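The following exercises are to be worked with the sequence and the three-dimensional structure at hand. Each task is followed by a solution in steps.

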Amino acid sequence: MSSFSDLFAEEYNTQRDQWEKALKHELKLDDITGKLSKKHLDLGAWPTLSLETAPVPLQSQTSWKKASQTYFHSASSWSQQLGEDLEAGVRVFFFSFQLKNEEWKTIEKILIDHVEHKDIEVIAPFNQLSGQVKVVDQTSMLHARDIHDQGGHNIQELALLTLRLIENLANPPAYLGVCLDSHFFKNIAKVRALKLLAQKVAEESGRSTSFKIITLNSYREWTLYERYSNMLRNNVQVASGFISGADIVQSSGYQALFDMETDEHSDHNERSLRMARNTTHILSLESMLGMVEDAAYGSFHLETLSQEYAKNAWSLMQELLIKPAADRKAFLENELSKVREQRLEKVKTRKDILAGMNDFPDARERLNIKLKNPAVFRVARGFEELRLKVEGLQDPPRVQILLKGDYAALNNRINFIKNYFEVIGLEVLDPMVKIKLDKKILVLCAKDEDYAALADEADKSGAIASFVAGKVEIANFQSIFAGQNIYQVLSELTKKLGV
């Protein structure tokens, strides 16, 4: 197989030359090297001028983007639930669990009784269902969700999906599914790269097959605590799916993780479903994000990122293609474990912030739930397990801050301490509150030069653990500081608490 770059090599090289020439003219510069070094979200250079000559637009197969809904468990009454979604404009239904035949017959009857069955699409990738309603099942959609759900990065997912497409060319699927996470621009480039890869496969095989793209929700960065933040994550996934030109876009309620990983069925369920359908309804039918063909067309940043994704995925696909099945599986497992560790390390050291989870938590929130074995890899799962253990304590200790110096001058360190220990739900007392505690976690807070004297004054009676805020060494006190592996420190603390 030829390399991927031959697909658009001439156009891209020409565009780059034209872009640099236009940029020099516009900014009246002889050298533009410094202008190309600005970074945005680690995605590469962010030019100030779009391309004058863009490649052929990457069109979608579907002009009308339908509102969607996702279900994670059987309902006692499908009539009411499906009826509300249909009345609200939902026409695409995702089922993330095994449907029984009798359940499907009930669902199908409700659907076709409400609207014309030709307008409805059901996505059930783990089932084979037949009837009057159009169903996209495991025989008609290819995806690499297994790679994504194990923590794999975009290149690995695209590479394996391309490989599976090549292996199924004798009976090609009608749909290709790709997972979208919380990175808006990366999502757009990922979908566009998949279109380029599908085009390349068609060209190499001499086939004129076209595919519809389905974007699937990624729950890798979703959280149980601060569940409303999942609405924002879902919004990013849905919006980027529409803008990138996907034909069908999945939308999930902010309660999705509770449906997947717990047995909790609360008052949130109805609102969660309503927000899921409203997200696609508003972004697609009212904001009309999906009406513009290839909205990223001509953007140097997104065009370049799309091509880089496609080139790297094509290269990895070729590497995987020549490996025997057993070697391929071992290779992927090894590579995926490395990526997972990198993802976890970034969250544990708070280089990647999950607001409300590993920073800025609401210590008053209580879930009191039991978790099932995880269905997918999630970066927040470890922190959630620690916090649930602390919730189980009958009489948890409180964190007491021993302050020396001006309160206002030390406010940043005080807030750092609060955010640090509230991650596992511990109550942190204000330094101005002076009370005697029988059981406490003691934290020193002062300027670095004042810590030695403050440590001598500290009353450590009843202290389960003692810490000092800052990168300083004080005997019998553990330092806590920015950039530290906060998960490791808090994990050791929970052991001291006996959980």
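The conventions come first, and the exercises follow.

This is a predicted model, in which local features need pLDDT of at least 70 and side-chain atom pairs count only at pLDDT 80 or more, while totals for chains, interfaces and linings use all residues. Residues are numbered from 1 along each chain as its sequence is written, and side-chain values use heavy atoms, with hydrogens and water left out.

**Exercise 1. The chain as a whole**

State how many helices and strands the chain has, and what percentage of its residues is buried.

Step 1. The chain contains 15 helices and 12 strands; helices (H or I, at least four residues) and strands (E, at least two) are DSSP runs, numbered from the N terminus.

Step 2. Of the 499 residues, 53% are buried. Buried means under 20% relative accessible area, exposed means over 50%, and partly exposed lies in between (1.4 Å probe, protein chains only).

Step 3. A contact means heavy atoms within 4.5 Å. Among contacts in the chain between residues at least 6 apart in sequence, 72% join residues at least 24 apart.

**Exercise 2. The nonpolar cores**

Identify the residues with the most contacts inside the largest nonpolar core.

Step 1. A nonpolar core is a set of buried Ala, Val, Leu, Ile, Met, Phe, Trp, Tyr and Cys residues joined through side-chain atoms within 4.5 Å.

Step 2. The largest such core has 60 residues, and F421, Y451, F467, L490 and L493 have the most contacts inside it.

Step 3. When residues up to four places away in sequence are not counted, L493 touches F421, I424, L426, I441, A465 and F467.

Step 4. A second, separate core comprises 42 residues, including L163, L176, A246 and W314.

**Exercise 3. Rings and charges**

Determine the geometry of the pair formed by F95 and F97, and find which charged residues lie over rings.

Step 1. Rings of Phe, Tyr and Trp (its six-membered ring) pair if their centres lie within 6.5 Å; planes under 30 degrees apart count as stacked, over 60 as edge-to-face and the rest as tilted. The count by this rule is 14 aromatic pairs.

Step 2. F95 and F97 are 6.1 Å apart, centre to centre, with 75° between the planes, and the pair is edge-to-face. F95 counts as buried because its relative accessibility is 1%; F97, at 14%, is also buried.

Step 3. Y420 and F421 form a tilted pair, with 5.3 Å centre to centre and 50° between the planes. Both residues are buried.

Step 4. Ring pairs also join Y71, W78, F93, F95 and F97 into a cluster.

Step 5. A charge sits over a ring if NZ of Lys or CZ of Arg is within 6 Å of the ring centre and within 35 degrees of the ring normal. The charged end of R227 is 4.1 Å from the centre of the F258 ring, and R387 lies over the face of Y225 at 4.2 Å from the ring centre.

**Exercise 4. The surroundings of strand β3**

Describe how β3 (residues 121-124) pairs with β2 (residues 90-95) and with β4 (residues 134-137).

Step 1. Two strands pair if DSSP finds at least two bridges between them. β2 and β3 pair in the parallel sense over three bridges, with V92 opposite E121.

Step 2. The chain passes from β2 through helix α3 (residues 101-114) to β3 in a right-handed β-α-β crossover. Right-handed means that, with the strands pointing away from the viewer, the path from the first strand over the helix to the second runs clockwise.

Step 3. β3 and β4 also pair in the parallel sense, over four bridges; K134 in β4 is the bridge partner of E121.

Step 4. From β3, E121 and I123 point one way and V122 and A124 the other, and all are buried.
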